[in-house]
Amino acid sequence: MAGEAPVAAAAAVAATTTTKTTTTGSIESHKKNRIQVSNTKKPLFFYVNLAKRYIQQHDEVELSALGMAITTVVTIAEILKNNGLATEKKVLTSTVGMKDENKGRFIQKAKIEIVLGKSEKFDSLMIASAPAPAPALAPASEAATKDND
């Protein structure tokens, strides 16, 4: 989405808390546990899995989106809550002024920020959903002796 930062595990979030001044002059904080969601760059479950990892590392995650990506953020939050992995801590809505790249005029975009915290069941659910290790294969000599019995 125009005006949003590129979203990838390394690029979606700054390694440390930094601030930047937006075109409207407001100061915006980039936290290490913030995911800026776009509905054109990555599939839904990329963000769900990234949010799980951030909750694991930081005990909470902040999901942020502009405009049409707001529905994607709400969907991600609901998936995490309905699966018992997260609890809703805070929901903020606002409008952000920005320049439309196509038409070159100043427009207002809706913005949402949802902060999710780690649920009490998070760790046990993550262990339960982890893939089971593959069974060890018996050496070929043992397999051959079992067939002869």
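The protein chain holds four helices and six strands, where helices (H or I, at least four residues) and strands (E, at least two) are DSSP runs numbered from the N terminus. Starting at the N terminus, the order of elements is β-β-β-α-β-α-β-β-α-α. The model is predicted, so that local features need pLDDT of at least 70 and side-chain atom pairs count only at pLDDT 80 or more, while totals for chains, interfaces and linings use all residues. Residues are numbered from 1 along each chain as its sequence is written, and side-chain values use heavy atoms, with hydrogens and water left out.

**Overall composition**

- Of the 149 residues in the protein chain, 35% are buried; buried means under 20% relative accessible area, exposed over 50%, and partly exposed in between, with a 1.4 Å probe and protein chains only.
- Among contacts in the protein chain with a separation of 6 or more, 64% are between residues 24 or more positions apart; a contact means heavy atoms within 4.5 Å.

**Packing of helices α1 and α2**

- Helix α1 (residues 44-58) packs against helix α2 (residues 70-82) at an angle of about 55°, and their axes are 10 Å apart. The axes are lines fitted to C-alpha atoms, for helices over the stretch in contact, and angles run from 0 to 180 degrees between N-to-C directions.
- The two helices, α1 and α2, are therefore oblique to each other; angles under 35 degrees count as roughly parallel, over 145 as roughly antiparallel, 65 to 115 as roughly perpendicular and the rest as oblique.
- The crossing of α1 past α2 is right-handed, a crossing being right-handed if the near helix is turned clockwise from the far one by less than a right angle, and left-handed if anticlockwise.
- On the α1 side the contact is made by Leu 44, Phe 45, Tyr 47, Val 48, Ala 51, Lys 52 and Ile 55, and on the α2 side by Thr 72, Thr 75, Ile 76, Ile 79 and Leu 80.
- These contact residues comprise nine nonpolar, two polar and one charged. In this classification Ala, Val, Leu, Ile, Met, Phe, Trp, Tyr, Cys and Pro count as nonpolar, Asp, Glu, Lys and Arg as charged, and the others, Gly among them, as polar.

**Salt bridges**

- Eight salt bridges are found in a search of the whole structure; a salt bridge is a side-chain nitrogen of Lys or Arg within 4 Å of a carboxyl oxygen of Asp or Glu.
- Arg 34, Glu 62, Lys 111 and Glu 113 are joined in a network of salt bridges.
- One of the salt bridges pairs Glu 62 with Arg 34, with 2.8 Å between the closest N and O atoms. Glu 62 lies in strand β4 (residues 60-66) and Arg 34 in strand β3 (residues 34-36), so this pair ties together parts 28 residues apart in sequence.
- Glu 62 is buried, at a relative accessible area of 4%, and Arg 34 is buried at 5% relative accessibility.
- Arg 34 also forms a salt bridge with Glu 113, whose closest N and O atoms are 3.7 Å apart. This pair links distant parts of the chain, with Arg 34 in strand β3 and Glu 113 in strand β6 (residues 106-118), 79 residues apart.
- Within helix α2, Glu 78 and Lys 81 form a salt bridge, the closest N and O atoms being 2.9 Å apart. Because they are three residues apart in the helix, Glu 78 and Lys 81 are separated by about one helical turn.
- Glu 78 is partly exposed, with a relative accessible area of 30%, and Lys 81 is partly exposed at 25% relative accessibility.

**Surroundings of Glu 113 and Ser 64**

- Glu 113 counts as buried at 16% relative accessibility. Apart from neighbours within four places in sequence, Glu 113 contacts Arg 34, Glu 62, Leu 63, Ser 64, Lys 90, Val 91 and Leu 92.
- Ser 64 is placed in strand β4 and counts as buried at 5% relative accessibility.
- Not counting residues up to four places away in sequence, Ser 64 touches Arg 34, Ile 35, Gln 36, Val 37, Val 73, Lys 111, Ile 112 and Glu 113.

**Individual residues**

- Asp 59, in the loop between α1 and β4, has a positive phi of about 70° although it is not a glycine. Most residues other than glycine have a negative phi.
- Asp 59 counts as partly exposed at 44% relative accessibility.
- Ser 124 is located in helix α3 (residues 122-129) and is partly exposed, with a relative accessible area of 47%.
- Ser 124 and Leu 85 are 39 residues apart in sequence and, C-alpha to C-alpha, 9.5 Å apart in space.
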